[in-house]
Amino acid sequence: MDRPKADSVLLFSGLDPSGAAGISADIETINHFGLTPLPIITSLTAQNTQRLDSFELPKDSFLEKQFDLIDEDISFNTVKIGLLGSVSQIKTISRLLNKKKSLNVVLDPILISGTQENFSSNKMIGAMKKYLFPMSTILTPNLEELNLLAPGLAEQEAVSSLNCSWVLVTTSDSSKVDIEHRLYHESILKRRYKYKKLPGKFHGSGCTLSSAISALIAKGMAVEDACDEGLEYTYQCLLNAKKLGKMQYHPIRASYKSK
């Protein structure tokens, strides 16, 4: 499918003060691919590489004002959604995006932090599935998130229940030796991506991947090809990761030469 090109990607994402994940990861990744990020902060977190302490949310009305001012001034065809903080915020973002036509929406359903603290609730999951999944171009859950989104279902059934055309299931959070990510289109398995599992724990790999896919789609690349290059980019970032804090590694996002 041919996709119109754009020079920017609008971001709805949380702030991680460690710099490894969230809006920092999104901005670094999208800049790497030569596009301009348009960041709107959905949550302010107090966390480091070891733990999440707490988070606070901006008012929905302020988020809406930010979106409207950007929309009246700058063109964009792609939106990347990361950490979300409340049901009302989910509904607000859905309403804002419904104002625009022909948007590519890449949604990374962040339900649990990298240090295993809960970011979501059953009501928020229900709201995401009702208001955001149907308008999304692609979802990028890891296997643990997929199980929370569709508990008790086998993988293909779970994917089918999400009401989104493209779903990329990443399995690095549950594999011990090798990693296999799986890309589904209309609930049919289209591609498998196999990598050797790297030692250590990483903070921000999911944000890096979804942002890379967003940037590549914004540049006009087909979804499956964006997943190919996005996964390769993310893996190279992890190969070159460094340990700034006491626990998880930071991906180095300037280390990959894109095609």
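Trainee: How does K99 count by relative accessibility: buried, partly exposed or exposed?
Mentor: K99 has 46% relative accessibility. Buried means under 20% relative accessible area, exposed over 50%, partly exposed in between (1.4 Å probe, protein chains only). So K99 counts as partly exposed.

Trainee: What kind of model is this?
Mentor: Residues are numbered from 1 along each chain as its sequence is written, and side-chain values use heavy atoms, leaving out hydrogens and water. Local features need pLDDT of at least 70, side-chain atom pairs count only at pLDDT 80 or more, and totals for chains, interfaces and linings use all residues, for the model is predicted.

Trainee: In what order do the nine strands lie in the open sheet?
Mentor: Helices (H or I, at least four residues) and strands (E, at least two) are DSSP runs, numbered from the N terminus. Two strands pair if DSSP finds at least two bridges between them. The pairing here is mixed. The order is β3-β2-β1-β4-β5-β6-β7-β8-β9.

Trainee: Which are the edge strands?
Mentor: An edge strand here pairs on one side only. Residues 52-56 and 188-196 make up these two. They are β3 and β9.

Trainee: In β6, which residue is the bridge partner of L107?
Mentor: Two bridges join β5 (residues 104-107) to β6 (residues 138-139), and these strands run parallel. The partner of L107 in β6 is L139.

Trainee: Which residue meets K99 in a salt bridge?
Mentor: A salt bridge is a side-chain nitrogen of Lys or Arg within 4 Å of a carboxyl oxygen of Asp or Glu. Here the N to O distance is 3.1 Å. The partner of K99 is D68.

Trainee: How many residues apart in sequence are the parts that K99 and D68 tie together?
Mentor: K99 lies in the loop between α3 (87-97) and β5. D68 lies in helix α2, so the pair ties together parts whose separation in sequence is 31 residues.

Trainee: How far apart are the closest N and O atoms of D71 and K100?
Mentor: D71 counts as partly exposed, at 26% relative accessibility. K100 is partly exposed too, at 22%. The two form a salt bridge, and its closest N and O atoms are apart by 2.8 Å.

Trainee: Where does K100 lie relative to the ring of F76?
Mentor: A charge sits over a ring if NZ of Lys or CZ of Arg is within 6 Å of the ring centre and within 35 degrees of the ring normal. K100 is 4.6 Å from the ring centre of F76. Its place is over the face.

Trainee: How many aromatic pairs does a search of the whole structure find?
Mentor: Rings of Phe, Tyr and Trp (its six-membered ring) pair if their centres lie within 6.5 Å. Planes under 30 degrees apart count as stacked, over 60 as edge-to-face and the rest as tilted. The number of aromatic pairs found is five.

Trainee: What kind of pair do the rings of F67 and F76 form?
Mentor: Their centres are 6.1 Å apart. Their planes stand at 80°, so the pair is edge-to-face.

Trainee: Are F67 and F76 buried or exposed?
Mentor: F12, F67 and F76 form one aromatic cluster. Both F67 and F76 are buried.

Trainee: What kind of pair do the rings of Y195 and Y235 form?
Mentor: Their centres are 4.6 Å apart. The planes are at 35°, so the pair is tilted.
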